[in-house]
Amino acid sequence: MFGTEIERLIQLLSRLPGLGPRSGRRAALALLKRKETLLLPLLEQLGRVAESIRSCRICGNLDSAETCAICRDPARENHSLCVVEDVADLWAIERSGAFKGRYHVLGGTLSALDGVGPDELSIGQLVARVKAGGVEEVILALNATVDGQTTAHYLSERLQGLGIGVSRLAHGVPIGGELDYLDDGTLATALKARRPAAG
Amino acid sequence: MQWTDPGIVLSARRHGESAAIVELLTEAHGRHAGLVRGGAGKRLAAVLQPGNRVSATWRGRLPEHLGQLSLEPAGATAAGLLDAAGPLAGLASAVALLRVALPEREPHPRLFAAFGDLAAALAADADWPMAYVRFELLLLAELGFGLDLTRCAATGSTEDLTHVSPVSGRAVSAAAARAYRDRLLPLPAFLLGSQAASADAAAIADGLALTGHFLNRHALAPQARAEPAARRRFAARFSR
């Protein structure tokens, strides 16, 4: 149905997260239909990004500089360090505007299924950052999954004895969530973590 | 073909745009995989955590096909353990072992029931480490490599059993073990049914070393499989 080149483009687009063969075809067609306004500018930008973007040597965030904008920012608090699984989580917390400290990107979570062990993650770098001093609290902002929380417990044990506070994100009812639609696990966890009502 | 069976989620791996291939331990159909439509989405993310209980309906044209699973949540085991480091590590280890050691589609209803007991112990029982070691012992028995801890392999005595032969998997009494102590595996007292059930970390470590030795020897090494990392990390918690 397609030429080899288009087939290859569809294959590559299909590998992107959230896309499959069907949406890969749609995306390829959209690019080809808007060659001047979309395909060529995208090609140019992809080239620039491939050339310049790298992982921050301190936190693992993505940036065009060796040290990312967050690590360079003197206004950020040095005493709190938020540990996230990957850059998407860092961006999510930054979008919330609720955290003004520094970050550390682990690069994944311990996973029995995928065979990811502590050596595959940037845990050694995290411990070194904490040992270097200045950090008073490490916030483990990892997913509320078995792998995410297994990693959180592992990190909390690795950071024990370094003289810092280690905290984790709360689990419970999301804003706008209706109890009737919550899964049993979230509801049970929210009940377990209940707190006194103010006033 | 179609069947409905209670199951325990062992793993979920994304497949295509929105589906997932989910592996379950079911009561009557053993370790069984199937395609779950929408399994990669947010709606099922909480349900598809390892250790959770589901009611599974499998449909396929032929029994040997992968087939499709539809799942109804029946118990959120994982959520109740997320805050507890030890029990969560125990859950991850048990699930990882079931995935690598159990053959596919071979029913093990006793193991299924034992997993339910283990999950309950992990959530509420202070003696959950003992429950975990007993679960591994049952796993060995279900795989056909049960240990004989009832009498001494050398003397036939049922008293003062302290070790296990790493070759035969049979208990050895203290008197018979004296000359071979360094070559035998210690047998923690809590694994002997008649003795009082209590164990410190060293006894749990001995129990895990015992089951680990036979799991590796009989269930993992013949399939060229290594001990799951989750189990290694779990065992390390007791050997510090």
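Predicted model: local features only at pLDDT ≥ 70, side-chain atom pairs only at ≥ 80, totals over all residues.

Q: How many bridges pair strand β2 of chain B with β3(B), and is the sense parallel or antiparallel?

A: A pairing is read from its bridges and its direction. Here strand β2 of chain B (residues 19-26) pairs with β3(B) over 7 bridges, in the antiparallel sense. Taking one position as an example, Thr26(B) has Gly30(B) in β3(B) as its bridge partner.

Q: What is the order of the strands in the open sheet of chain B that has 3 strands?

A: The order is β7-β6-β8 in chain B, and the pairing is antiparallel. The edge strands are β7 (171-173) and β8 (185-186) of chain B, each of which pairs on one side only. Strand β6 of chain B (residues 161-164) is joined to β8(B) by 2 bridges, and these two strands run antiparallel. Within β8(B), Pro186(B) stands opposite His163(B).

Q: How are aromatic pairs read, and what is their count over all chains?

A: The general idea is that two values describe a pair of aromatic rings: the distance of the centres and the angle of the planes. In this structure the count comes to 7 aromatic pairs over all chains. One of them joins Phe99(A) and Tyr103(A): the ring centres are 5.2 Å apart and the planes stand at 70 degrees, so the pair is edge-to-face, the cut-off being over 60 degrees.

Q: Are Phe99(A) and Tyr103(A) buried or exposed?

A: The reading rests on the relative accessible area, with buried meaning under 20%. Phe99(A) has a value of 11% and is therefore buried. Tyr103(A), with 0%, is likewise buried.

Q: Why is the pair of Phe115(B) and Phe135(B) described as it is?

A: The ring centres of Phe115(B) and Phe135(B) lie 6.0 Å apart and their planes are at 75 degrees, so this pair is edge-to-face. Phe115(B) belongs to helix α3 of chain B (residues 109-124) and Phe135(B) to helix α4 of chain B (residues 128-142), so the pair ties together parts that are 20 residues apart in sequence. Both Phe115(B) and Phe135(B) are buried. Elsewhere, ring pairs link Trp128(B), Tyr132(B), Phe234(B) and Phe238(B) into a cluster.

Q: Which residues line the largest cavity?

A: A cavity may be described by its volume and then by its lining. The count comes to 1 cavity of 30 Å³ or more, and about 80 Å³ of space lies in the largest cavity. Its lining consists of Asp183(A), Asp184(A), Gly185(A), Ala46(B), Val47(B), Asn52(B), Arg53(B), Pro73(B), Gly75(B) and Ala76(B). Helix α8 (184-192) of chain A and strand β5 (68-75) of chain B each supply at least two residues of this lining. By class, the lining has 4 nonpolar, 3 polar and 3 charged residues.

Q: What residues line the second largest pocket?

A: A pocket is described in like manner. The second largest pocket holds about 210 Å³ of space. Its lining is made up of Ala170(A), His171(A), Gly172(A), Val173(A), Ala190(A), Ala193(A), Arg194(A) and Arg195(A). These divide into 4 nonpolar, 2 polar and 2 charged residues.

Q: Into which domains is chain A divided?

A: Chain A is divided into domain 1 (4-52) and domain 2 (55-168). The C-alpha centres of these two domains of chain A lie 32 Å apart.

Definitions and conventions: Residues numbered from 1 in each chain as written. Chains lettered and ligands numbered in written order. Heavy atoms only, no water. Domains from an automatic or database assignment. 1 Å grid on protein atoms, 1.4 Å probe; cavity = no way out; pocket = protein on both sides within 12 Å on 5 of 7 lines; lining within 4 Å. Points joined across faces, edges and corners; volume = space filled by probe spheres on them. Nonpolar A, V, L, I, M, F, W, Y, C, P; charged D, E, K, R; others polar. Pairing = 2+ DSSP bridges. Helix = DSSP H or I, 4+ residues; strand = E, 2+ residues; numbered from the N terminus. Phe/Tyr/Trp six-rings, centres within 6.5 Å; stacked < 30°, edge-to-face > 60°. Buried < 20%, exposed > 50% of the residue type's maximum accessible area, 1.4 Å probe, protein only.
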